[in-house]
Structure formats: C-alpha cells, structure tokens
Amino acid sequence: MESLTGRVAIVTGGNSGIGRAIAKAYAKGGAKLVLAARRAEQLKEVEGEIKAAGGNAMGVVTDVTKEADVVALFDKTMKAHGRVDVLINNAGVASREKTDELPLASWQRVIDVNLTGCFLCAREAFKIMKAQKQGRIINIGSVSAKVPRGNSVPYTASKFGLEGLTRAFALDAREHGVLVSILHPGNTVSSLGRPTQIGANPEGRMEAEDLAQVAVLMATLPHEVNMLEALVLPRTMPFLGRG
Ligand SMILES: NC(=O)c1ccc[n+]([C@@H]2O[C@H](COP(=O)([O-])OP(=O)(O)OC[C@H]3O[C@@H](n4cnc5c(N)ncnc54)[C@H](OP(=O)(O)O)[C@@H]3O)[C@@H](O)[C@H]2O)c1
C-alpha cells in the first residue's frame with residue numbers, strides 16, 4: 001500500500017458532501033489538497049477545517065464546465081505544488097424534471113457538469129500525469145450508471161457516459177503509468193443525496209465518510225494495481241434486487 005503523504009490531490013466539488021469527505025480523509029492521510037468548486041465561501045470553510053486539523057489545503061474557485069477555469073485550476077496547482085498525483089472528479093448535479101417535460105437547458109446543465117466537466121479535468125490531469133509517468137484519476141460515478149431512477153434521463157446518461165469516459169481514459173493512460181478508475185456511490189448523505197422521503201424512505205443511506213475510505217483505498221493501492229471500478233452501497237439499499 002502506498003502512502004498519501006505529500007501527494008497532491010485535486011478534488012472537484014471539494015466544498016460539499018462526498019468531495020468534502022474525500023478531501024478531509026486525504027488530508028488526514030498527509031496529502032496536499034486543492035479544492036475546486038464555484039462557491040468561494042464553502043471552499044474557504046473546508047480549507048479552514050483541513051488547516052485547523054493540521055492539514056494542507058488550497059481552495060480554487062472553479063466552474064468545471066468552463067475550459068479556462070479548469071486550465072487555470074491545473075496551472076495554479078502546478079505553480080503551488082509542481083505536480084498532480086490524484087484527481088477526484090467528483091463535482092456533479094442532478095435534475096428531477098419529468099422526462100416528457102424535460103427542458104433542453106436541464107439536460108445540458110447536467111451533461112456539462114457531470115460529463116464535460118469530468119472530461120476537461122481528466123484531460124488536464126492526464127497531460128501532467130503523463131509527463132510525471134504517474135498519477136491516478138478517480139471519477140465519482142453513481143449506482144445510476146447501472147440502474148436508473150425515474151425521471152433521471154440526464155443524470156443517468158451522464159453517469160453511463162462517465163463510465164465510458166473512465167474506460168477510454170484508462171486504456172489510453174495506462175501505458176504512461178496513469179491509472180483511471182470509477183467509484184460508484186449508492187445513497188449517501190449530502191445535499192444532492194438528501195433524504196427526500198424521510199420516514200417513508202426504506203433505502204438507507206451511507207455517510208460520505210464511509211465512501212471516502214474506499215477513495216483512500218483506491219488511491220493507495222500499489223502503483224501497478226488499479227481498482228477499475230468500485231460500487232459501494234448502504235446495506236439496506238434496494239439496488240440488489242427483489243426479495
Ligand atoms: N449523494 C449521493 O447519494 C450520491 C450517489 C451517487 C453519486 N453521487 C455523486 O457524488 C458526487 C458528489 O455529490 P454529493 O452527493 O456530494 O452532492 P453535493 O453535496 O451537492 O456536492 C456537489 C458538488 O459539486 C460541485 N459543483 C456543482 N457544479 C459545479 C461546477 N459547475 N463546477 C464546479 N463544481 C461544481 C458543488 O460545489 P459548488 O456548488 O460550490 O460549485 C458541490 O461541491 C456527484 O458526482 C454525484 O453525482 C452522489
């Protein structure tokens with residue numbers, strides 16, 4: 001197992017939910033964190049929490065759908081730390097409109113963040129990691145990359161797409177020492193995964209910190225080993241099937 005100490009990790013959506021938990025777990029392991037998201041105040045908050053616990057963190061206001069923002073994020077990281085060891089492609093949004101009434105703008109917003117944003121970040125990370133001959137890109141997928149919920153056409157398409165993006169990047173990157181993988185969370189407590197039917201909700205929910213343990217494992221496997229895919233579920237989630 002490899003150590004996180006001194007490794008430079010960029011976490012998109014690192015100011016909330018799953019990204020925040022992964023960032024904090026990596027910082028605890030000794031990594032230097034670069035947190036990327038749009039809301040500056042929440043970025044400052046998480047940066048402060050990590051620093052208060054003795055860790056190393058820097059927030060960079062970034063909209064992952066904007067190419068110039070993503071390029072600037074990687075430039076700033078290289079100026080500050082001179083390398084990028086791990087990218088957690090975590091920023092994501094969902095839409096809940098009915099399928100037959102789905103506005104094009106909703107489709108576009110979800111695809112832009114969940115798929116195009118991940119592509120832009122992965123491309124920039126790959127350039128740097130290829131030169132380093134080392135690095136890991138971990139995309140945060142979803143159980144929706146396997147089985148959809150109702151009224152989730154853009155989200156489901158984006159997460160199936162992210163699985164394709166993962167496999168294609170993994171293939172192109174491996175000869176350069178760069179490992180690409182996907183971590184699919186089941187229902188997880190966060191603003192996106194908030195309980196919408198408390199009481200009537202039998203699904204169960206994990207803490208983001210539980211999932212972060214798997215993200216730590218994926219990033220600390222020996223360099224020659226890639227956990228290409230991990231599907232992590234709360235025990236009572238009905239995903240497994242009938243009965
Ligand atoms: N929670 C679950 O049950 C669950 C299950 C399966 C998969 N996931 C996946 O886990 C990931 C994290 O979700 P979460 O549950 O932690 O939700 P969350 O708490 O709502 O976090 C979403 C994060 O994405 C960031 N973000 C959104 N649009 C962005 C943009 N254009 N540019 C940069 N950052 C952006 C947000 O920050 P700003 O708003 O400040 O930009 C926020 O940090 C997502 O990819 C989601 O699909 C979650």
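Where in the fold is Leu183 found?

## A strand residue in the interior

Leu183 sits in strand β6, which spans residues 178-185. This is a predicted model. Leu183 has 26 C-beta neighbours inside 10 Å, so Leu183 counts as buried.

What does Leu183 touch, leaving aside its neighbours within four places in sequence? Its contacts are Ile138, Ile140, Gly141, Val214, Ala215, Met218 and Ala230. Ser144 is 39 residues away along the chain from Leu183, and the two C-alpha atoms are separated by 12 Å.

## The nonpolar core

The largest nonpolar core holds 64 residues. Which of them touch the most other members? They are Ile22, Leu33, Leu35, Ile88 and Ala215. Helix α4, residues 104-132, supplies the largest share of this core, with 11 residues.

Ile88 shows what such a position looks like. Setting aside residues up to four places away in sequence, Ile88 touches Ala9, Ile10, Val11, Thr12, Gly19, Ile22, Ile138, Ile140 and Ala215. Some of these partners return elsewhere. Ile22 and Ala215 are listed with Ile88 among the core members that touch the most others. Ile138, Ile140 and Ala215 are also contacts of Leu183.

## Helices α4 and α5

Two packed helices are described by the angle between their axes and the distance between the axes. For α4 and α5, the axes come within 9 Å and cross at roughly 15°. An angle under 35 degrees counts as roughly parallel, and α4 is therefore roughly parallel to α5. The crossing is right-handed.

Which residues make the contact? From α4 come Ser106, Trp107, Val110, Ile111, Asn114, Leu115, Cys118, Phe119, Ala122 and Phe126. From α5 come Pro154, Tyr155, Ser158, Lys159, Gly161, Leu162, Leu165, Phe169 and Ala173. By class, that is 14 nonpolar, 4 polar and 1 charged residues.

## Helices α3 and α4

Helix α4 also packs against α3. Here the angle is about 35° and the axes lie 9 Å apart. α3 passes α4 in a right-handed crossing.

On the α3 side, the contact uses Glu67, Val70, Val71, Phe74 and Met78. They meet Leu120, Cys121, Glu124 and Ile128 of α4. The contact has 7 nonpolar, no polar and 2 charged residues.

## Helices α1 and α2

How are α1 and α2 arranged, roughly parallel or roughly antiparallel to each other? Helix α1 covers residues 17-28 and helix α2 covers residues 40-52. They pack at an angle of about 25°, with axes 10 Å apart. The two are therefore roughly parallel to each other. α1 passes α2 in a right-handed crossing.

Arg20, Ala23, Lys24 and Ala27 of α1 meet Val46, Glu49 and Ile50 of α2. These residues divide into 4 nonpolar, no polar and 3 charged.

## Positive phi in two loops

Lys133 is not a glycine, yet has a positive phi of about 60°. Lys133 lies in the loop between α4 and β5, the latter being residues 135-140. Why does Lys133 count as exposed? The reason is that Lys133 has 10 C-beta neighbours inside 10 Å, and 12 or fewer is the cut-off for exposed.

Asn151 is another non-glycine with a positive phi, of about 50°. Asn151 lies in the loop between β5 and α5, where α5 is residues 153-173. Asn151 has 16 other C-beta atoms within 10 Å, so Asn151 is partly exposed.

## Other loop positions

Leu102 lies in the loop between β4 and α4. With 16 other C-beta atoms within 10 Å, Leu102 is partly exposed. Not counting residues up to four places away in sequence, Leu102 touches Glu97, Trp107 and Val153. Trp107 also belongs to the α4 side of the contact with α5. Leu102 and Asn151 are 49 residues apart along the chain, and their C-alpha atoms are separated by 8.9 Å.

Gly82 lies in the loop between α3, residues 67-81, and β4, residues 86-89. Is Gly82 buried or exposed? Gly82 has 10 other C-beta atoms within 10 Å and is therefore exposed. Thr62 is 20 residues from Gly82 along the chain, with 19 Å between their C-alpha atoms.

Terms used:
Residues numbered from 1 in each chain as written. Predicted model: local features only at pLDDT ≥ 70, side-chain atom pairs only at ≥ 80, totals over all residues. Core = buried A, V, L, I, M, F, W, Y, C linked by C-beta atoms within 7 Å. Buried ≥ 20, exposed ≤ 12 C-beta atoms within 10 Å, placed from the backbone. Helix = DSSP H or I, 4+ residues; strand = E, 2+ residues; numbered from the N terminus. Contact = placed C-beta atoms within 7 Å. Axes fitted to C-alpha atoms, helices over the stretch in contact; angles between N-to-C directions. Parallel < 35°, antiparallel > 145°, perpendicular 65-115°, else oblique. Left-handed = near helix turned anticlockwise from the far one by under 90°. Nonpolar A, V, L, I, M, F, W, Y, C, P; charged D, E, K, R; others polar.
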